Structure formats: C-alpha cells, structure tokens
Amino acid sequence: MEEASQNTETVKKVFIQTYGCQMNEYDTEKMFEVLKHQNYFQTDSREDADLIILNTCSIREKAENKVYSELGRLRKLKSVKPELKIGVGGCVAQQEGKAILRREASVDFVFGTDNLFELPEMLKKVSRGQEIIQTKRHARQKVRNFIPEYAFQQTQHHGIKAHLAITKGCNNHCSFCVVPFTRGIEVSREPENILAEAQRLTSAGTREICLLGQNVNSYKANGVDFVELLHRLDELENLQRLRFISPHPKDFHEELADAFVTLPSLCEQMHLPLQSGSDRILRRMRRWYTMETFYEKVAMLRDRLPEATLSTDLIVGFPGETEEEFEMTMEAVRTIRFDLIYSFKYSTRPGTRAAEYPEHLAEDVKSKRLQILLETQGKIVQEKNEALVGSIQEVLVQGKHYRKNSITGRTRGNHSVHINDSCAIAGDLLSVRITGALHNSLEAEIISKSTVLS
Ligand code: SAH
Ligand code: SF4
Ligand code: F3S
C-alpha cells in the first residue's frame with residue numbers, strides 16, 4: 001500500500017456517521033487517521049462539513065434503512081451546499097455498490113470494506129468531478145496486513161481504551177448472516193503488525209485494548225494462534241487490560257479458557273454468542289455446536305473463574321422457530337444466567353440461505369418473543385447486579401460522568417460503574433466497593449487508588 005502523502009492544501013472538515021459494530025467503529029477511526037493526513041479535521045456537525053461519510057451496516061434491515069433515510073436528509077443539505085462531498089462506505093456499500101449511486105444522486109462516491117485506505121486517491125478523483133465506485137476486494141489471502149502501517153504510525157492520542165482489529169471477514173456462513181458477503185473471507189494480520197499497533201497505542205496512553213474480529217478466536221498467522229497472540233500482547237508494558245470480541249463458540253477451547261487464568265491482563269469477561277437454545281434451530285442456523293457442547297464451554301470458563309462475566313447474542317423468530325423452540329432459548333437464558341444479552345428479532349438478509357427458508361414468522365410473533373426474553377433477562381441482570389453490592393472491584397476510570405463531581409469507569413468484568421467522587425482522572429486504576437445496583441450499571445465508592453497511570 002502506498003504511503004499517504006501529506007497535502008498542504010487548505011484545511012477541510014469531515015463528518016463520519018458510524019452505523020455498525022466495533023469493527024465498523026474501528027474502520028471509522030482509521031478513516032479519520034487517513035483523512036487527517038489529507039488535511040481533513042473531524043467535525044461533529046453535518047452542516048459544517050466539507051465531506052460527509054456514512055460508514056454503513058447491513059446486519060439487519062433496520063440498520064440498512066437508516067442509511068437511506070440519512071441520505072434523504074443529506075440530499076437537502078447538498079442542495080444548499082453543492083460543494084459538499086458525500087461518500088458511502090462500509091457493509092451496505094460493499095453489497096450495494098453502484099445501486100446506491102443510482103438510488104441517491106447526491107452521493108459522490110461509494111467504497112467497500114477493503115477500500116478505506118484508498119480514500120486519498122478516491123477523493124482526488126471526486127474533486128475532479130469523477131463518480132467513484134470502489135468495492136474491489138483484496139486478493140484472497142489467509143494472512144494480510146489489512147491495516148497499513150502508516151495508518152497507525154503517527155497516532156497521537158487514542159484514549160484509555162482502544163480497539164485493535166486482528167482478523168476480518170468470516171468463512172462460517174451462518175445461514176442468517178450477511179457478514180461473509182460484506183467482509184469477505186477470513187483474513188488474519190501478521191502478529192508483528194498487530195504488536196506494532198498495540199505498542200503505539202500503549203505508548204500513547206491506551207491502557208485497555210479490545211481485539212476485534214468477526215471470528216476473533218480463529219486468528220492464525222505465521223504459526224501464531226489466538227492464544228499465543230494473547231500471550232504476546234500480555235507482555236506489553238503498560239497494558240492493563242485485554243479483551244476480545246467476537247469469538248465463535250466452536251473455537252473456544254481449554255487453552256483459551258486457561259489463558260483467562262494465566263494472563264494478568266486478560267479480563268474475566270467473555271462474549272459467547274449462542275443465537276438459539278434449540279439444537280434444531282442451531283443446525284438450521286449452521287452454527288456447528290449443540291446445546292450440550294455450549295453448556296460444556298460455559299463450564300470450561302466458569303469452572304476456572306466462577307465470577308467471570310458472560311454475555312451472548314440471541315436471535316428470536318428465526319424461520320420455522322416454534323413456541324417450544326423459543327422456550328428452549330428461554331430455558332438456556334434462565335439456566336446460564338448471562339450477565340448481558342444482545343437480542344435481535346430475526347431479519348431477512350438478501351443473499352443468505354435463511355432468506356430462502358420456508359416458514360418466516362410474522363413480525364408480531366417475533367416482537368412478542370423478544371419482549372418475553374427481555375423481561376426475563378432484565379430480572380436476571382437486576383439480581384446479578386444486586387449480588388455484586390458489597391464486593392470489591394477494580395475500576396479503570398474512563399472519565400467524568402455527566403453528573404457533576406462524578407466519574408465513570410469499568411470493572412474487569414466490564415460492568416459500567418459510577419463513582420460519586422471527582423478525585424480521579426481517566427486512566428486511574430481504582431479499588432472500589434460496590435454500593436448500589438442500577439438497571440445497566442453499578443454505583444461504587446473508592447477504597448484506594450491503587451495505581452495512577454500517566
Ligand atoms: N461474528 C459474530 C457475530 C457478528 S453479527 C458471531 O458469530 O457471533 C452480531 C450479531 O448480530 C450476531 O451474533 C447475531 O445475533 C445478530 N445477527 C446477525 N445476523 C442477523 C439477522 N439476519 N437477523 C437478526 N440478527 C442477526
Ligand atoms: Fe456472521 Fe456467523 Fe460469521 Fe458471525 S460467525 S459473522 S454470525 S456468519
Ligand atoms: Fe454491520 Fe458489517 Fe459490522 S454488517 S455488524 S458493520 S461487519
């Protein structure tokens with residue numbers, strides 16, 4: 001990849017709207033970095049911007065629809081500011097390509113999930129009045145440094161927490177999911193390239209890194225597997241906390257479970273997406289595990305770390321899901337007692353196998369099931385949060401809370417904590433006592449400031 005050249009033209013402003021997952025957010029951060037070297041500065045105002053980019057998501061229909069309604073609003077903005085440039089990137093752009101330009105004339109350029117580092121060249125062409133559709137995929141390679149070094153080389157500040165992509169793409173083709181189409185085949189980054197980015201982040205003040213990948217734990221490059229990579233990252237000086245998302249249960253094994261015990265930085269928190277509690281539905285989803293093996297994986301973690309936080313993803317109303325099968329999901333939720341669930345109504349995605357399945361369920365059936373699931377989970381979360389009251393936790397301070405004289409941070413289990421105290425700053429590591437349980441967070445008081453990280 002060619003190095004982005006610093007451009008001495010006048011300063012411009014860019015606004016980027018992000019719609020999707022952590023990977024999508026990470027791509028947005030990288031776009032800002034690439035554009036910074038083209039003299040673009042970030043603005044929070046669409047009206048103020050010379051360039052607006054929508055970094056889109058197509059995981060569910062709702063996410064995709066949001067993009068088109070936003071483009072409708074931007075059309076009006078462009079009619080009073082014709083020099084405004086509008087670009088559409090991300091997963092919808094990868095899938096729809098030219099169709100976006102045809103549907104929305106105010107769009108100047110469309111680019112795919114492999115093309116964000118080509119933004120400088122694209123913008124040059126756009127400024128010459130050319131219409132750009134750049135959704136070309138990288139060559140099919142299992143290992144590739146998909147983040148060129150220049151994109152993280154001159155990073156100045158990344159905040160206390162940062163994301164770091166180690167794999168991208170997915171080969172699993174779960175029957176409901178669009179990601180393999182939008183992100184392509186699974187690719188792992190070379191360990192040296194990952195460690196270089198991690199090193200830059202920690203040198204710039206980052207204390208917590210969350211590794212990203214659509215199947216983060218199937219990472220493998222140059223003979224280094226996921227567990228080995230965790231070991232190498234754990235050795236980094238000044239890295240207090242390490243997390244990862246999103247692992248696939250099929251690649252969660254004993255060695256990874258052991259790493260939670262042996263690696264000091266690896267936080268006692270795991271996301272293990274279940275999707276459904278019914279073996280028949282799991283088969284139809286092409287998830288490649290059964291409830292029996294899923295329970296074994298949960299035990300693998302909890303036998304070692306009974307206090308570990310466990311979260312999951314669930315889909316209700318998959319085509320053909322019966323009341324009994326939905327009840328099996330409820331049974332799993334009541335038995336496992338996840339600390340957090342991300343639950344979704346099944347949404348048909350064009351091109352996926354499940355879209356062709358018979359017996360799609362009515363919207364009101366899906367809504368009812370989602371509501372039942374959320375009510376039960378709400379009670380579990382409340383009970384679990386209340387059980388934490390009185391416990392001592394380590395909190396990494398994130399910053400000030402919107403309430404005056406109060407700060408906010410996260411436990412190693414990733415619970416959000418509010419502290420009525422203002423004598424700590426972002427990056428401080430505190431020992432706290434939990435004093436109260438709110439719906440989505442905890443309240444705490446400081447016992448001691450164990451480390452002050454500068
Ligand atoms: N790679 C991750 C998930 C990425 S997508 C994994 O395998 O776990 C995040 C979540 O969105 C999925 O876990 C799933 O619960 C949900 N999701 C994906 N496609 C969906 C669809 N078509 N309808 C509803 N939810 C969906
Ligand atoms: Fe989608 Fe399945 Fe791949 Fe996750 S593992 S990104 S749900 S296809
Ligand atoms: Fe959405 Fe693409 Fe992420 S579809 S969830 S932005 S991988």
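In what order do the three strands of the open sheet with parallel pairing stand? The order is β14-β15-β16. Strands here are DSSP runs of E, at least two residues, and helices are runs of H or I, at least four residues, both numbered from the N terminus. Two strands pair if DSSP finds at least two bridges between them.

This is a predicted model, in which local features need pLDDT of at least 70 and side-chain atom pairs count only at pLDDT 80 or more, while totals for chains, interfaces and linings use all residues. Residues are numbered from 1 along each chain as its sequence is written, chains are lettered from A and ligands numbered from 1 in the order in which they are written, and side-chain values use heavy atoms, leaving out hydrogens and water.

Stay with the three-stranded sheet. Its edges are β14 (269-271) and β16, each pairing on one side only. Neighbouring strands are turned by 10° against each other on average, direction ignored. Such angles run from 0 to 180 degrees between N-to-C directions, with axes fitted to C-alpha atoms, for helices over the stretch in contact. Strand β15 (residues 309-316) pairs with β16 in the parallel sense over six bridges. V316 stands opposite K345 in β16. Helix α14 (residues 363-387) packs on this sheet and touches β15 and β16. Contact means heavy atoms within 4.5 Å. The direction of α14 makes about 170° with that of β16.

Now the six-stranded sheet. This open sheet runs β2-β1-β3-β4-β5-β6, again with parallel pairing. Its edge strands are β2 (40-42) and β6 (132-134). Neighbours are turned by 20° on average, direction ignored. Strand β1 (residues 12-18) pairs with β2 over three bridges. K12 has Y40 of β2 as its bridge partner. Helix α2 (residues 61-80) lies across β3 (51-56) and β4 (85-89), at about 175° to β3. Helix α5 (residues 119-127) lies across β2, β3, β4, β5 (109-111) and β6, at about 160° to β5.

Next, ligand 2. Residues around ligand 2 (a heavy atom within 4 Å) include C170, H173, C174, C177, H248 and R287. This shell divides into six nonpolar, four polar and one charged. Ala, Val, Leu, Ile, Met, Phe, Trp, Tyr, Cys and Pro count as nonpolar, Asp, Glu, Lys and Arg as charged, and the others, Gly among them, as polar.

Two backbone details remain. A cis peptide bond joins I245 and S246, with omega about 10°. S246 is in the loop between β13 (241-245) and α10 (254-262). R337 has a positive phi, near 50°, in a residue other than glycine. R337 is found in the loop between α13 (323-336) and β16 (340-345).
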